[in-house]
Amino acid sequence: MAELKKNDNITVKEFNSRKESIRKQKNEKFQALLTPEQKSKMDKMKQERLTKSHDRGQRGIESMKTKLNLSDEQVIKLKASHESFASKAKDIRINESLTSEQKKEQFKALEKQRREEAKTILTKEQLDKMQSMHKDRGNKSVK
């Protein structure tokens, strides 16, 4: 990677392609070093992370219900939207034919779609409050 970063005579597209190739080679070599038990343990850890992520998402929706005073219908629509987003994100993540850059672009488009969908579910006041909550979340200092 260090050598690749020093090379100023290539296009961004070529740089990204080579970077993706290096990343794949590194991952393949890493996987080849692992024992079957280690691979199994990594798979288990990955599944645990996914479960925790799903649980956080559910808690987030419940928190939004309280803080934004959502109706039951809005909660149902937001849960469906969240599940759809998660499924599409997973499809992007596991698609090995995409480069990292292509995945980033698809994630950006998916996130934009998610925001637009939220606008059809939430009222103007709820959207404003949610945006305010997001800004406040970024301003919290670490204690």
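Colleague: Which residues lie nearest the centre of the largest pocket?

Modeller: This is a predicted model, where local features need pLDDT of at least 70, side-chain atom pairs count only at pLDDT 80 or more, and totals for chains, interfaces and linings use all residues. Residues are numbered from 1 along each chain as its sequence is written, and side-chain values use heavy atoms, with hydrogens and water left out. A pocket here is an open set of points on a 1 Å grid over the protein atoms alone where a 1.4 Å probe fits, with protein on both sides within 12 Å along at least five of seven lines, and lining residues have an atom within 4 Å of a point. The largest pocket is lined by 23 residues, and nearest its centre lie Met-64, Arg-114, Met-130, His-134 and Arg-137.

Colleague: Thanks! Which helix gives the largest share of that lining?

Modeller: Helices are DSSP runs (H or I, at least four residues), numbered from the N terminus. At least two lining residues each come from α3 (36–68), α4 (72–94), α5 (100–121) and α6 (124–139). The largest share, seven residues, is from α6.

Colleague: And what is the volume of the second largest pocket?

Modeller: A volume is the space filled by probe spheres set on the points, with grid points joined across faces, edges and corners. For the largest pocket that space is about 850 Å³. For the second largest pocket the volume is about 730 Å³.

Colleague: How many residues of the lining of the second largest pocket are charged?

Modeller: Asp, Glu, Lys and Arg count as charged, Ala, Val, Leu, Ile, Met, Phe, Trp, Tyr, Cys and Pro as nonpolar, and the others, Gly among them, as polar. The lining of the second largest pocket has five nonpolar and two polar residues, and its charged residues number twelve.

Colleague: Back to Arg-114: over the ring of which residue does its charged end sit?

Modeller: The criterion is NZ of Lys or CZ of Arg within 6 Å of the ring centre and within 35 degrees of the ring normal. The charged end of Arg-114 is 3.9 Å from the centre of the ring it sits over, that of Phe-85.

Colleague: Is Asn-69 buried or exposed?

Modeller: Asn-69 is in the loop between α3 and α4, and has a positive phi of about 55 degrees although it is not a glycine. Buried means under 20% relative accessible area, exposed over 50%, and partly exposed in between (1.4 Å probe, protein chains only). With a relative accessible area of 64%, Asn-69 is exposed.
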